[in-house]
Amino acid sequence: MKYLAKHVIFLLVSIFSLSCKKEVTLSEYKYSDSNYPVTCENANLSLLKEAVYSFEDDITTHFSNKGTKNLSQAYSRTVNLALYGRAKYSEIVSSHTIEIFTILKKDKHLWQIDGKTKTLNYNGDFVKCLGNNLSDKDLKTTFNALISTNSMSAKLFGEPLRRKAYLAVKDKNLATYIALDMYYAKLFELDLVQEQSDQKEE
């Protein structure tokens with residue numbers, strides 16, 4: 001009996017340890033007190049909020065003009081550079097964003113994987129929810145039309161968005177879309193392990 005009991009306890013401890021390893025969380029949530037009125041269901045909203053605010057901090061820091069941070073201007077520059085493939089993500093991304101991405105990229109419902117190509121899952125419920133809750137009527141119409149015709153891409157939606165990127169400052173549904181499709185999706189292409197190592201040395 002003692003032998004059996006020892007094995008049962010060992011098995012339970014092993015199962016508990018494995019379940020703990022699967023649940024990866026951030027070492028720190030910096031923006032937990034920030035307002036994030038996105039109400040889409042079946043999504044890790046606490047992580048997505050952290051992802052959006054960390055993204056905003058990255059772009060305002062990178063695009064600050066003489067130390068003055070302007071989020072509206074940072075959004076416009078980010079969308080423009082992403083649209084034309086000129087954004088230097090390795091120079092923009094912070095170590096906190098990298099940590100967020102290592103967890104975010106494991107969400108199978110959020111990303112569409114086609115071979116080695118990884119993009120935002122436009123047909124997923126979360127992205128559709130973001131589109132249905134955009135505050136700007138014209139952007140909402142365009143977004144949903146592209147989704148319904150399976151034509152959605154960062155490039156196609158980026159053109160009308162380019163002129164209204166500043167709206168993301170107040171519309172966190174739009175901000176979340178931009179952060180995911182024009183920033184985090186692009187991080188799949190970077191060697192983030194090396195990026196994080198470089199940042200620690202600085």
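1. A disulfide here is a pair of cysteine sulfur atoms within 2.5 Å. By that rule, Cys40 and Cys129 form a disulfide, with 2.1 Å between their sulfur atoms. A search of the whole structure turns up one disulfide. The torsion about the S-S bond of Cys40 and Cys129 is about -95 degrees, so the disulfide is left-handed. Cys40 sits in the loop between helix H1 (2–22) and helix H2 (45–62) while Cys129 belongs to helix H6 (residues 125–132), so the pair ties together parts that are 89 residues apart in sequence. Cys40 and Cys129 are both buried (buried is under 20% relative accessible area, exposed over 50%, partly exposed in between, with a 1.4 Å probe and protein chains only).

2. A word on what you are looking at. This is a predicted model, in which local features need pLDDT of at least 70 and side-chain atom pairs count only at pLDDT 80 or more, while totals for chains, interfaces and linings use all residues. Residues are numbered from 1 along each chain as its sequence is written, and side-chain values use heavy atoms, with hydrogens and water left out.

3. On confidence: the mean pLDDT of the protein is 85, and 82% of its residues reach 70 or more (pLDDT is the predictor's confidence in each residue, from 0 to 100). Please be careful with residues 1–22, where pLDDT stays under 50 and the model has zero contacts beyond four places in sequence; a contact means heavy atoms within 4.5 Å. Over residues 193–202 the pLDDT is also below 50, and this stretch has eight contacts beyond near neighbours in sequence. Where pLDDT is low, the predicted coordinates should not be read in detail.

4. Now the overall fold. The protein has ten helices and two strands, and its pattern along the sequence is α-α-α-α-α-β-β-α-α-α-α-α. Helices (H or I, at least four residues) and strands (E, at least two) are DSSP runs, numbered from the N terminus. Of the 202 residues, 39% count as buried. Among contacts with a separation of 6 or more, 64% come from residues 24 or more positions apart.

5. The largest pocket holds about 270 Å³ of space. Its lining has 14 residues, and Asn44, Leu47, Ile103, Lys106 and Asp107 are the closest to its centre. H2 and helix H5 (95–104) are the elements that give two or more residues to this lining. By type, the lining of the largest pocket divides into eight nonpolar, three polar and three charged residues. Here Ala, Val, Leu, Ile, Met, Phe, Trp, Tyr, Cys and Pro count as nonpolar, Asp, Glu, Lys and Arg as charged, and the others, Gly among them, as polar.

6. For the pocket terms, a 1 Å grid is laid over the protein atoms alone: a pocket is an open set of points with protein on both sides within 12 Å along at least five of seven lines, and lining residues have an atom within 4 Å of a point. Grid points are joined across faces, edges and corners, and a volume is the space filled by probe spheres set on the points.

7. The second largest pocket has a volume of about 220 Å³. Of its 13 lining residues, Asn42, His109, Leu110, Asp125 and Phe126 lie nearest the centre. H6 gives the most to this lining, with three residues. The lining of the second largest pocket divides into five nonpolar, five polar and three charged residues.

8. Most residues other than glycine have a negative phi. Asn42, in the loop between H1 and H2, has a positive phi near 55 degrees, and at 78% relative accessibility Asn42 counts as exposed. Asn150 also has a positive phi, of about 55 degrees. Asn150 lies in the loop between helix H7 (137–148) and helix H8 (154–162) and is exposed, with a relative accessible area of 61%.

9. Finally, two lysines. Lys172, in helix H9 (residues 172–182), is buried at 8% relative accessible area. Not counting residues up to four places away in sequence, Lys172 touches Asn35, Tyr36, Pro37, Val38, Tyr53 and Glu56. Lys105 is in the loop between H5 and strand E1 (111–114) and is partly exposed, with a relative accessible area of 39%. Leaving aside neighbours within four places in sequence, Lys105 is in contact with Trp111 and Phe188. The C-alpha atoms of Lys105 and Ala185 are separated by 8.5 Å, although these residues are 80 apart along the chain.

How values were computed:
On a 1 Å grid over the protein atoms alone, a cavity is a set of points where a 1.4 Å probe fits but cannot get out, and a pocket is an open set with protein on both sides within 12 Å along at least five of seven lines; lining residues have an atom within 4 Å of a point.
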